[in-house]
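Here's a quick briefing to read with the model open beside you.

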Amino acid sequence: MAPGITEIQHSSHVEHKLGFTSAQSPFNCCGCKEIGFGSCYQCPKKKCKANFHLHEECASPPPSLKHPFFPRRDFTFEDCSPEKPLAFCVACGANVQGFRYQSSNEKPLVVLHPRCIQLPENTSSFSEVVNRLGVNLELRKQAPSKCLKCGKKELIGKQIKGWAYACNSESGKYCYHVACVRDSIVENWKKDYLQQQNNGKRNRSSSTASSLSMVIQHKPLTRRKAGTGTDFSAIAKLVLKFVAIVLLGKSVPSGAVDLVLEFPKAMPPSWRCCLN
Ligand SMILES: [Zn+2]
Ligand SMILES: [Zn+2]
Ligand SMILES: [Zn+2]
Ligand SMILES: [Zn+2]
Ligand SMILES: [Zn+2]
């Protein structure tokens, strides 16, 4: 989207013009049906306001794209009409239910969400990442080491390994699937939304455009690199936070995302005997 364009007409919502804005809470994109947060196009009319949002990527998608993970393929943008067959995004493993990029110039068909195909290849444009981690996060076609959130390398299996952000820092290897972090964001958003409903609308949500608080169920992180005193779990938390920010979009300030990691309680020794 060219800078300065604040109002667009979109074929998916012909009745009103859409305005460029920063959403007050996470939204469901009406184009790709995936979560969004922060800058977006929204219908300013009262009756649509809460329900019509589009990601920037979905509002003015380039008609075709290349991706470095698939150098010989061309991806073309498709909207949802006519109904497309069931497909899973190779990046995040989720069912693609709306706008998509697909490549059929080679077998098999490869389908990607508009946001997934435009995920940054690394975090070089996020200055805070290098400042705080000492290295950039790199987007990888498959996890180079186990995802610290789910404990697996392959997200679903051989078919969909799942893209991941990873880095090797002084204190160890860190890796998170795009899907695992995005699912955490969605889970927290849903919990937050339900809580809001229970408390009544007047109560302020804990997640607003200026903050997103997340409690994330995490695999145990016990490794601590001897000698350096670097806490592996503290770095892992920072990596996870930056992946969340990359997924939420550049318009989200890093101070806006607040994470709490929850770890499963260690099993009592007697249980372990039974399981072994
Ligand atoms: Zn909609
Ligand atoms: Zn979208
Ligand atoms: Zn409208
Ligand atoms: Zn995807
Ligand atoms: Zn994972």
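A residue is called buried here if its relative accessible area is under 20%, exposed if over 50%, and partly exposed in between, using a 1.4 Å probe and protein chains only. At 0% relative accessibility, His177 therefore counts as buried. Some housekeeping: this is a predicted model, where local features need pLDDT of at least 70 and side-chain atom pairs count only at pLDDT 80 or more, while totals for chains, interfaces and linings use all residues. Residues are numbered from 1 along each chain as its sequence is written, chains are lettered from A and ligands numbered from 1 in the order in which they are written, and side-chain values use heavy atoms, with hydrogens and water left out.

**Zinc ion (ligand 5)**

- His177 holds this zinc ion through ND1, together with the SG atoms of Cys147, Cys150 and Cys180, at 2.1 to 2.4 Å. Donors are N, O and S atoms within 2.8 Å of the metal (3.2 Å for Na, K and Ca); water is not among the atoms, so sites may look incomplete.
- The four donor atoms subtend angles of 100 to 121°, so the arrangement is tetrahedral. For four donors, that label requires all angles to lie between 85 and 135 degrees.
- For reference, the ideal angle for four tetrahedral donors is 109.5 degrees.
- Along the sequence, the donor residues are spaced C-x2-C-x26-H-x2-C.
- Cys147 counts as buried because its relative accessibility is 1%, and Cys180 does too, at 10%.

**Zinc ion (ligand 3)**

- This zinc ion is coordinated by His13 (NE2), His16 (ND1), Cys43 (SG) and Cys48 (SG), at 2.1 to 2.4 Å.
- Its four donor atoms subtend angles of 106 to 113°, which makes this arrangement tetrahedral.
- The donor spacing along the chain reads H-x2-H-x26-C-x4-C.
- One pair links distant parts of the chain: His16 sits in strand E2 (residues 13-22) and Cys48 in helix H1 (residues 46-49), 32 residues apart. Helices (H or I, at least four residues) and strands (E, at least two) are DSSP runs, numbered from the N terminus.
- His16 is buried at 13% relative accessibility, and Cys48 is buried at 10%.

- How many disulfides does a search of the whole structure find? The search turns up zero, a disulfide being a pair of cysteine sulfur atoms within 2.5 Å.

**Two residues to look at**

- Ile117 lies in helix H3 (residues 114-117) and is buried, with 5% relative accessibility.
- Leaving aside neighbours within four places in sequence, Ile117 is in contact (heavy atoms within 4.5 Å) with Leu65, His67, Phe75, Tyr101 and Leu112.
- Ile117 and Tyr101 are 16 residues apart in sequence, with 7.5 Å between their C-alpha atoms.
- Ser39 belongs to strand E5 (residues 39-42) and counts as buried at 15% relative accessibility.

**Confidence**

- The chain's mean pLDDT (the predictor's confidence in each residue, from 0 to 100) is 83, and 84% of its residues reach 70 or more.

Technical notes. Four donors count as tetrahedral if all angles lie between 85 and 135 degrees; four count as square planar and six as octahedral if opposite donors are over 155 degrees apart and all others between 65 and 115; anything else is irregular.
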